Amino acid sequence: MSATDISTRSLKPRPGRRGMLIGATVLGVLTAIALDTTVVTIGSEQDMRVAGFSADTYGAAQFPRIRDDVISRAVGAKTLANALAKDKKAAAEQYGTGGAMPVLPVELTGTVGEGNGGIYDVTVDGLEDIRIRVQTGPAINGTDLRDAPGDIAFGEFKNQIEYQDAGAGINRAMKSEILQDLDRESLPGKTISITGVFKLINPKMWLITPVEVQVQ
């Protein structure tokens with residue numbers, strides 16, 4: 001063996017034990033990261049948690065099933081009025097959801113009267129002793145739609161602000177779907193059919209938030 005061979009061999013790097021340990025550690029970390037990585041689809045529930053709560057995304061997702069639930073449970077206005085007059089508590093338990101101020105689903109056809117701020121009186125034959133009003137926008141107030149199904153609870157949200165925003169998001173989704181093209185100025189004097197909900201505060205005063213509106 002020549003001196004040149006010995007010199008060349010001595011210059012070749014040999015993998016030390018420390019280097020092998022470092023390499024194994026790095027490989028382990030990368031493997032753990034890969035296993036712990038979750039693919040998040042845009043618009044999914046996981047995406048909402050990562051991006052932060054979006055009231056409008058929530059409202060758009062919830063309103064269709066709230067609308068269908070209200071329509072399926074809606075009670076005729078005369079039937080509901082008679083039940084409330086007979087026994088307010090029993091009627092609320094039979095038809096409504098919620099506790100001290102239950103939300104009741106109702107359907108009616110009546111004549112539109114005067115309005116103020118997008119809230120119009122509606123006269124229903126046989127129910128002239130009850131003041132019935134309907135919200136048509138542009139502002140939709142209250143959380144009646146959020147509370148109508150009875151399964152949207154405060155505990156699902158981070159705080160009270162998110163809980164309130166959820167109600168507002170559902171209201172906006174409803175307005176976008178059913179009130180966007182409504183000609184409010186021409187409503188007085190027309191016959192209107194409404195399906196919606198109202199919070200039972202006074203059985204003689206109903207402020208309805210609609211889920212379905214038909215103007216004749």
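Helices (H or I, at least four residues) and strands (E, at least two) are DSSP runs, numbered from the N terminus. The loop between β4 (131-135) and α7 (144-147) contains Pro138, and the peptide bond from Gly137 to Pro138 is cis, with omega near 5°.

The model is predicted: local features need pLDDT of at least 70, side-chain atom pairs count only at pLDDT 80 or more, and totals for chains, interfaces and linings use all residues. Residues are numbered from 1 along each chain as its sequence is written, and side-chain values use heavy atoms, with hydrogens and water left out.

**Overall fold**

The protein chain has eight helices and six strands, arranged along the sequence as α-α-α-α-β-α-α-β-β-β-α-α-β-β. Of its 216 residues, 36% count as buried, where buried means under 20% relative accessible area, exposed over 50%, and partly exposed in between (1.4 Å probe, protein chains only). Contact means heavy atoms within 4.5 Å. Among contacts between residues at least 6 apart in sequence, 69% join residues at least 24 apart.

**Nonpolar core**

A nonpolar core is a set of buried Ala, Val, Leu, Ile, Met, Phe, Trp, Tyr and Cys residues joined through side-chain atoms within 4.5 Å. The largest such core has 47 residues, of which Leu80, Ile132, Phe198 and Trp206 touch the most other members. Helix α8 (residues 160-179) gives the most to this core, with seven residues. Residues up to four places away in sequence aside, Leu80 touches Val75, Tyr95, Leu104, Pro105, Val106, Phe198 and Trp206.

**Aromatic pairs**

Rings of Phe, Tyr and Trp (its six-membered ring) pair if their centres lie within 6.5 Å; planes under 30 degrees apart count as stacked, over 60 as edge-to-face and the rest as tilted. Six aromatic pairs are found in the whole structure, and two of them are set out below.

| Pair | Centre to centre | Angle between planes | Arrangement |
|---|---|---|---|
| Phe154 and Tyr163 | 5.5 Å | 70° | edge-to-face |
| Phe198 and Trp206 | 4.7 Å | 10° | stacked |

Phe154 is partly exposed because its relative accessibility is 41%, whereas Tyr163 is buried at 13%. Phe198 and Trp206 are both buried. Ring pairs also link Phe53, Tyr58, Phe154, Phe157 and Tyr163 into a cluster. The charged end of Arg146 sits over the ring of Tyr163, 3.6 Å from its centre; the criterion is NZ of Lys or CZ of Arg within 6 Å of the ring centre and within 35 degrees of the ring normal.

**Helix α6**

In helix α6 (residues 88-95), the buried residues are Ala91, Ala92 and Tyr95. Viewed down the axis, these residues fall within an arc of 100° and therefore line one face of the helix; the arc is that of the directions from the helix axis to the C-beta atoms. Lys89, Glu93 and Gln94 are exposed on the other side of α6. The cover over the buried residues includes α4 (55-73), β1 (75-76), α5 (77-86) and β2 (103-116). Asp87 caps the N-terminal end of α6, with a side-chain oxygen 3.3 Å from the backbone nitrogen of Lys89.

**Gln135**

Gln135 lies in strand β4 and is buried, with a relative accessible area of 3%. A polar atom of its side chain lies 2.9 Å from the backbone nitrogen of Asn141. The side chains of Gln135 and Thr209 are joined by a polar contact of 2.9 Å. Such a contact is a pair of N or O atoms within 3.5 Å; within protein, one must be able to donate a hydrogen and the other to accept it, and residues adjacent in sequence count only if both atoms are side-chain atoms.
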